[in-house]
Each structure stands twice: as C-alpha cells, then as structure tokens.
Amino acid sequence: EDHAFTIRVKNTGLRRWLRHGEDHSGRGAVQLGAHLLRSDEEELSWDYGRADLPHNLEAGAQAIISIDLQAPLKPGNYIVEFDMVAEHIAWFEDFGSGTLRHELQVS
C-alpha cells in the first residue's frame, strides 16, 4: 500500500536549490528524501524514497513536494524521517538542518 505525503520545504540558505543539478551527472540536484526507521530508531532503509523539487528554489522561497512511499510489509510501528539531499554531495541534516519525522503504524 502506498502512502502519500505532502511536505512544505523552505530554502533558508543563501544559494539557489537546483532541481536538476549542475551538469549531466545530476550532482547537486536537491531532492526530498525519506528514511525508514523502526520505532526504536533502527535504520531499515536509508533511501526509502525520493521526490524532485517542482522547480529551482531561490533562497528564502518555499515549495510543496508530494512523495509516495510504499508501506512496509511487516506490521509494526515505524518512523518516516524526511530530509533534503543534494545528490552526490550530502544530506542536509549533516550540515545541521532539521528533519521532519512522521510515525507510521502498519497493521
């Protein structure tokens, strides 16, 4: 079963977020990423899902991003953690940006 999430993101930095990155490699393309954790915070899937920006996002601007994620098959309590990622560079959390967490119960 798919779960759809709609997330509002804001570029609080000083540089434009590029939707497609700097060149044909996609390096630096900014995306919304999701991690799947068990309720005890054990990592189950670091690359649980990704969603593109709708367009380049200027400093100070906001965007709405929709992401569809496949529910885990095993019943239980989970945490979906959302973070922005610059492809082939780093997750934003690594630079002190906050993440968003959502509890997910599968029965």
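In this predicted model, the side chains of Arg38 and Glu42 meet in a salt bridge, with N and O 2.8 Å apart; the term stands for a side-chain nitrogen of Lys or Arg within 4 Å of a carboxyl oxygen of Asp or Glu. Residues are numbered from 1 along each chain as its sequence is written, and side-chain values use heavy atoms, with hydrogens and water left out. Because the model is predicted, local features need pLDDT of at least 70 and side-chain atom pairs count only at pLDDT 80 or more, while totals for chains, interfaces and linings use all residues. Arg38 counts as partly exposed because its relative accessibility is 35%, and Glu42 is partly exposed at 38%. Here, buried means under 20% relative accessible area, exposed means over 50%, and partly exposed lies in between (1.4 Å probe, protein chains only).

Seven salt bridges are found in the structure. One of them joins Glu58 to Arg16, with the closest N and O atoms 2.8 Å apart. This pair links distant parts of the chain, since Glu58 sits in the loop between E3 and E4 and Arg16 in the loop between E1 and E2, 42 residues apart. Glu58 has a relative accessible area of 40%, so Glu58 is partly exposed, and Arg16 falls in the partly exposed class at 47%.

Glu81 is buried because its relative accessibility is 4%, whereas Arg101 is partly exposed, with a relative accessible area of 38%. Salt bridges that share partners also join Arg38, Asp40 and Glu42 into one network.

The strands themselves come next. Strand E2 (residues 30-38) pairs with strand E3 (residues 43-52) in the antiparallel sense over six bridges; to count as a pair, two strands need at least two bridges found by DSSP. Within this pairing, Ala34 has Gly49 of E3 as its bridge partner. The two strands form a hairpin with four residues between them. Glu41, in the loop between E2 and E3, has a phi near 80°, a positive value in a residue other than glycine. Most residues other than glycine have a negative phi. Glu41 is partly exposed because its relative accessibility is 46%. His88, in the loop between E5 and strand E6 (90-91), also has a positive phi, near 65°. His88 counts as exposed because its relative accessible area is 59%.

Strand E1 (residues 2-10) and E4 pair in the antiparallel sense over nine bridges, and Val9 has Ala63 of E4 as its bridge partner. Strand E4 (residues 62-70) has two faces: Ala63, Ile65, Ile67 and Leu69 make up the covered one, while Gln62, Ile64, Ser66, Asp68 and Gln70 make up the uncovered one.

The largest nonpolar core holds 24 residues, of which Phe82 and Met84 touch the most other members. Such a core is a set of buried Ala, Val, Leu, Ile, Met, Phe, Trp, Tyr and Cys residues joined through side-chain atoms within 4.5 Å. E5 gives the largest share of this core, five residues. Beyond its neighbours within four places in sequence, Met84 is in contact (heavy atoms within 4.5 Å) with residues including Val9, Trp17, Leu53 and Ile65. Leu100, in strand E7, is 16 residues from Met84 in sequence and 9.9 Å away in space, C-alpha to C-alpha. Leu100 counts as partly exposed because its relative accessibility is 44%. With neighbours within four places set aside, Leu100 is in contact with Ile7, Val80, Glu81 and Phe82.

A polar atom of the Asp83 side chain does lie 3.1 Å from the backbone nitrogen of Glu93.

Methods. A polar contact is a pair of N or O atoms within 3.5 Å; within protein, one must be able to donate a hydrogen and the other to accept it, and residues adjacent in sequence count only if both atoms are side-chain atoms.
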